[in-house]
Structure formats: C-alpha cells, structure tokens
Amino acid sequence: MGLKTVCLLLLVVALAVYGQSRDRNQKKYKVVCYLGSWANYRGGDGKFLIEHIDPFLCTHVIYGFAKLAGNKIAVYDPYLDLKENWGLGAFQRFNNLKKANPQLSTLIAIGGWNEGSQKYSQMAGDPGARATFVKSCIDFCLKYDFDGLDMDWEYPANRGGQPQDKQNFITLLKELKEAFAPHGLILSAAVSAGRNTIDTAYDIPGMAKYLDFINVMAYDLHGSWEKTTGHNAPLYERPEESDAEKMLNVDYAINFWVKSGAPKNKVILGMGTYGRSFTLADASKNGLGAPTTGPGKAGPLTKEPGMLGYNEICRDSEWKEVFLSKVEAPYAAKGNQWVGYDNVKSIGIKVDYLIKEQLGGGMIWSLETDDFRGKCGQGKYPLLTTIATKLNGAVNRPTISPDEVTKKPDVVVTSNPGTGFRCTKDGYFRDPQNCSIFYFCVKEGQDFAKHKYSCGEDAAFDETTSTCTFKNQIPGC
C-alpha cells in the first residue's frame with residue numbers, strides 16, 4: 001500500500017471520527033450571551049422572553065440552566081423549557097433563533113450557583129457515572145438542537161466538593177470532548193475569577209486542552225457579603241488596597257488565567273450587566289470602602305437584595321453617579337443605597353482591554369438585565385451593543401423578504417398584515433378565529449414583529465395565564 005493511499009485512509013478515518021463543528025461563528029471575536037431563563041417569570045418590564053433576544057448581537061447564546069439528576073443532564077423547568085404538556089417551549093424557541101441568524105450557535109449550560117458542587121463531585125469521581133453523564137449530554141443536545149454544552153460547575157473542590165475534583169474535572173472534560181467530536185458539539189465552561197477558587201478548582205492547562213473556549217466570570221469580585229462597599233468588577237488594582245484585595249480585579253484574573261496556561265484566544269472576558277448593591281451604615285460616607293450594614297434593597301424588576309440590573313439602575317434618575325479611576329467603572333449612591341456596576345463607558349473600556357490583551361472575545365451575564373427594552377434612551381441592549389460593535393463592527397440585520405417568510409412559518413411580517421390577526425401592543429394574544437393559535441407581538445420601530453405559535457388542535461391558549469390548556473376550560477373554545 002502506497003504512502004498516498006495510507007494518508008488518504010487516515011484522512012477518511014479522521015473525517016469519520018470528527019463531525020463538522022456546530023460552531024457557526026464567522027466573526028473575529030466571540031460575543032457570548034448567557035440567558036437566565038427564570039426572567040420569564042418576572043413582572044412588568046423585567047419579564048424577559050426568548051423573543052426579546054436579538055440573535056445578531058451575539059455569536060453564541062447560552063441557555064441557563066439545566067441540572068444534574070441521577071448522573072444525567074436534566075431539564076430544570078419542564079413547563080418553561082419544553083413544549084410537551086402545553087409547556088412554553090423555551091428550548092425550541094431559543095434554538096429557533098438560528099433560523100434568523102444561521103451563524104449563531106446555541107449551548108445549554110448545566111450547573112450554576114444554586115446547583116452547588118457536591119453531586120457534580122460525586123459524578124465526576126465515578127467512571128460509570130461519568131459515562132452516563134457524557135452520553136446523556138450528547139442525547140440532550142441532539143434531541144433539543146443545542147450546539148454544545150457549557151459546564152458551569154461552581155466549583156470543583158469547593159462548596160462540598162473533594163480535593164480530587166481538580167483532576168476529575170479534567171477527566172470529565174476529556175471524556176466529553178472525545179464523545180462530542182463525532183457530532184461536532186461545542187464544549188465550553190464558565191469559570192471563577194477568584195484566585196483562591198482557581199488554585200483549588202482548576203488545572204488550567206488541562207482545561208485549555210479540552211475546552212473550545214473559557215468564560216471567565218470577571219464579576220462578583222466584591223458584594224454585600226463584605227462589610228464595606230466594593231465594585232462588582234474593577235478593571236485594575238488600586239494602590240491603597242491590601243495584597244489580598246489587589247487580586248480582586250479583572251486585570252489580575254485575566255492575567256492569572258493566561259500565565260497559568262490558558263491560550264489567550266480561548267479566554268472570553270465575562271462582563272456583568274448588573275451591579276452589586278449595599279446599604280450604607282452612614283449615608284454621608286458613600287465612597288468606595290464605606291462601611292455597610294448589608295445588601296442593598298431589592299430592585300423593582302429583579303427583586304433580589306444585593307444586586308440591581310443595569311435596566312433598573314439606568315432608569316432611576318435619583319442615583320448620583322461617580323466614575324472611578326483605576327476601577328474604570330462607576331458607582332452610584334442614593335440615600336443609604338450604594339451600587340457598583342458597569343455602564344456603556346466602562347463596558348467600552350473593558351472591550352478595549354480585551355482587544356489589547358488579544359483575548360478571544362467578550363461574554364455577558366446576562367441578557368435580561370441589560371436595558372433590553374431600551375427604556376433609558378440609549379437604545380435596546382446598550383451594554384451588549386457596545387461589546388458587539390466594538391469587537392465585530394456594525395451589526396447587520398438582514399431584511400426578511402416575503403419569500404423568506406414562507407420558509408419560516410412561525411414568523412409573520414406585519415408591515416402588510418392582510419386580513420389576519422394584527423398586533424397593536426406587546427404581549428401574547430389568542431387568534432380570534434382559532435383558539436389553538438396564539439401570537440407573540442413585539443414592538444419593532446413603528447410596527448410590530450408577530451410570532452405565531454400553536455397549542456395543538458386539542459388545546460387552547462389562555463390569555464389570562466399565557467399558557468396552553470384544555471379547550472373546555474376556555475369560554476367560547
């Protein structure tokens with residue numbers, strides 16, 4: 001057998017083993033956008049639906065979260081996530097974003113802070129359990145049309161984990177990567193920016209070998225768990241800080257990951273679209289490092305003490321903003337309330353930083369706390385738009401022609417609505433002629449985008465609960 005024949009056979013084998021990558025991004029930088037899916041249940045202007053996502057601002061969108069159950073990846077909220085049993089079908093709607101932007105990639109994140117660490121530790125330490133988990137992840141992604149998995153184990157060897165998690169995590173990533181290869185599935189991870197956690201949790205060269213990209217969560221560096229005010233995501237250290245405090249900034253975290261073996265082009269700089277808030281012990285002492293008594297008051301949209309979405313901060317004119325040097329980001333005070341956050345200016349500075357450092361791109365946590373409704377006079381998604389445009393230039397949204405619409409039956413253009421249902425305001429509405437059909441209307445400029453859905457012929461849409469239910473429970477259906 002000649003050398004050329006051998007090489008050809010090896011190439012055929014390689015192509016058979018490695019499927020075409022499902023990473024569709026063709027841009028220079030990654031723009032990774034996490035979704036906190038529970039924002040679907042918020043009220044008023046805080047309610048965030050899949051249809052609020054702009055698929056042209058992100059290169060990768062990550063759905064948070066799935067959970068670990070019986071050593072398998074599992075749906076966290078079946079009613080929200082799935083369409084079965086008249087659910088809201090968020091998985092399907094999320095992955096349908098790729099119909100609008102074929103260059104978009106979608107991932108499912110497993111874990112998160114509330115999932116803890118202990119059951120991940122147990123799974124990763126058992127070869128049989130790992131095999132079960134790996135197979136379940138492939139089946140899950142292929143079934144629901146996700147392009148990959150984001151591991152958000154917070155954190156190996158911490159929060160109830162074991163010291164051996166550090167190596168077991170690498171073994172798990174290796175087995176995932178090898179099993180994903182024939183399907184072209186993407187593998188990423190969300191990782192800590194805190195030195196103490198990094199040292200105990202991560203073998204960075206090992207992770208870099210198997211992960212397609214690494215989302216460094218360079219926020220939550222200070223918060224209401226401390227006794228003095230501190231910024232959520234300071235860019236640089238300040239001279240007056242202690243040695244321990246000088247490790248709690250974006251620059252230190254990114255440099256540590258890179259110096260420890262993470263390739264720059266795989267490092268994605270995480271940026272928060274929210275701030276960490278405090279209640280001041282003395283309203284007259286409201287600078288950085290001021291004494292506090294606990295978390296700040298819950299915001300009207302997120303309703304979580306100790307944090308405020310940018311969409312809550314930017315609409316409140318009572319906040320008195322101060323932009324800090326070295327931190328390169330603002331804080332604001334209002335009476336005895338204090339919040340450290342990022343605005344358009346500071347996000348721009350962080351993007352300039354990641355470009356200078358030759359990183360692979362930027363990430364946000366998360367879509368639903370940016371000003372996605374454009375209520376603050378900066379347009380929709382001012383923070384995310386700053387990231388996307390500074391990294392990859394102007395955002396091009398193709399105009400949908402009538403011919404293209406016929407190929408996408410769940411999207412209807414309403415600039416020429418004909419005799420069908422016409423949107424007059426945002427929200428979900430039942431078709432007046434067919435109880436099984438409903439529409440989601442979103443204001444787009446002077447008109448509305450109209451998305452059409454079906455409950456199935458045996459069910460009807462209930463406008464009072466925005467869900468599908470039995471027809472006999474809906475008067476007139």
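Begin by selecting C314 and C376, where the torsion about the S-S bond is about 70 degrees, so the disulfide is right-handed. The model you have open is a predicted one, and this pair links distant parts of the chain, with C314 in the loop between α11 (310-313) and β12 (320-324) and C376 in the loop between β15 (361-365) and α13, 62 residues apart. C314 counts as partly exposed because its relative accessibility is 23%.

Next, select C423 and C441, which are joined by a disulfide with an S to S distance of 2.1 Å; at -70 degrees about the S-S bond, the link is left-handed. C423 sits in the loop between β16 (411-413) and β17 (427-431), while C441 belongs to strand β18 (residues 434-444), and both cysteines are buried.

Stay with strand β18 and pick C435, which is 42 residues from its partner C477 in the segment after β21. The sulfur atoms of C435 and C477 are 2.0 Å apart in their disulfide, and C435 counts as buried at 18% relative accessibility, whereas C477, at 31%, counts as partly exposed.

Now move to C137, whose sulfur is 6.5 Å from the closest cysteine sulfur, in C141, too far for a bond. C137 is buried, with a relative accessible area of 0%, and C141 likewise counts as buried at 0%.

Finally, display helix α12 (residues 344-356) and helix α13 (residues 382-392), whose axes come within 9 Å and cross at roughly 30 degrees, which makes α12 roughly parallel to α13. Their contact includes V344, I347 and V351 of α12 and L383, I387 and L391 of α13, and its residues divide into 9 nonpolar, 2 polar and 2 charged.

Note on methods. Residues are numbered from 1 along each chain as its sequence is written. This is a predicted model: local features need pLDDT of at least 70, side-chain atom pairs count only at pLDDT 80 or more; totals for chains, interfaces and linings use all residues. Side-chain values use heavy atoms; hydrogens and water are left out. Axes are lines fitted to C-alpha atoms, for helices over the stretch in contact, and angles run from 0 to 180 degrees between N-to-C directions. Helices (H or I, at least four residues) and strands (E, at least two) are DSSP runs, numbered from the N terminus. Angles under 35 degrees count as roughly parallel, over 145 as roughly antiparallel, 65 to 115 as roughly perpendicular and the rest as oblique. Contact means heavy atoms within 4.5 Å. Ala, Val, Leu, Ile, Met, Phe, Trp, Tyr, Cys and Pro count as nonpolar, Asp, Glu, Lys and Arg as charged, and the others, Gly among them, as polar. A disulfide is a pair of cysteine sulfur atoms within 2.5 Å. Buried means under 20% relative accessible area, exposed over 50%, partly exposed in between (1.4 Å probe, protein chains only).
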